[in-house]
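Me: I am new to this structure. Take me through it in short steps, please.

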Amino acid sequence: MAPGPVPAAVLLPLFPKSGEYHVLLTKRTEHLNHHRGEIAFPGGSADPDDTDLLQTALRETWEEVGIAPEDVDILGVLDDFYSIHNYLVTPYVGLFPADYPLKVNSWEIERILEVPLSHLLRPEVFRTEDWNWKGRQHPVHFYTFGDDEIWGLTAAILKQFLDLVFGRLTQP
């Protein structure tokens with residue numbers, strides 16, 4: 001029997017800037033084994049020492065971008081997402097202070113993206129494509145931000161968050 005999905009967690013980190021809320025995303029470096037060069041939330045696989053998946057999300061956020069767990073106000077949790085790479089990802093939504101002194105782990109993270117929520121709500125930056133995976137068609141979401149494309153699991157989590165918070169504003 002194949003092993004079950006690997007437990008993992010991410011933080012959807014929100015922060016105020018210039019009078020509106022932004023989401024912090026990372027662009028992963030090209031030399032990593034998994035998800036190289038992709039836009040992602042801070043997060044990763046659960047460690048045996050993690051007491052729960054919230055601790056996983058907060059630990060990974062600390063390791064990747066230097067936001068201390070005690071500086072994150074957890075607002076809630078979204079639905080679990082299965083990734084095509086056999087992970088079961090639990091996304092937490094958290095708020096951290098404005099002008100926070102980030103400490104980016106340059107081994108894992110090429111750069112930080114600070115995306116205003118108002119940008120993500122613009123219909124022209126969002127699209128869905130049908131992709132075939134293991135003989136079935138699956139919708140894959142995309143958000144464009146400048147020259148970057150946020151897609152796949154990260155875009156699916158973003159879409160669920162935006163749909164929950166802004167409701168029909170994000171519906172076509």
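Reply: Start with N86, which counts as partly exposed at 36% relative accessibility; partly exposed lies between buried, under 20% relative accessible area, and exposed, over 50% (1.4 Å probe, protein chains only). This is a predicted model: local features need pLDDT of at least 70, side-chain atom pairs count only at pLDDT 80 or more, and totals for chains, interfaces and linings use all residues. Residues are numbered from 1 along each chain as its sequence is written, and side-chain values use heavy atoms, with hydrogens and water left out.

Me: Where is the place of N86, and what is its phi near?

Reply: N86 sits in the loop between strand 6 (81–82) and strand 7. Strands (E, at least two residues) and helices (H or I, at least four) are DSSP runs, numbered from the N terminus. N86 is a residue other than glycine, yet its phi is positive, near 65°.

Me: Is S18 buried or exposed?

Reply: S18 lies in the loop between strand 1 and strand 2. Its phi is positive, about 55°, although it is not a glycine. With a relative accessible area of 70%, S18 is exposed.

Me: What distance should the 13 residues of helix 1 span?

Reply: Helix 1 covers residues 53–65. The expected span is 1.5 Å times one less than the number of residues.

Me: Which residue caps the N-terminal end of helix 1?

Reply: Look for a side-chain oxygen 3.3 Å from the backbone nitrogen of L54. A polar contact is a pair of N or O atoms within 3.5 Å; within protein, one must be able to donate a hydrogen and the other to accept it, and residues adjacent in sequence count only if both atoms are side-chain atoms. The cap is D52.

Me: Which residues touch the most other members of the largest nonpolar core?

Reply: A nonpolar core is a set of buried Ala, Val, Leu, Ile, Met, Phe, Trp, Tyr and Cys residues joined through side-chain atoms within 4.5 Å. The largest has 26 residues, and the two in question are L12 and V23.

Me: Which helix gives the most to this core?

Reply: Strand 1, strand 2, strand 7, strand 8, helix 2 (117–120) and helix 3 (152–166) each supply at least two residues of the core. With 6 residues, the top contributor is helix 3.
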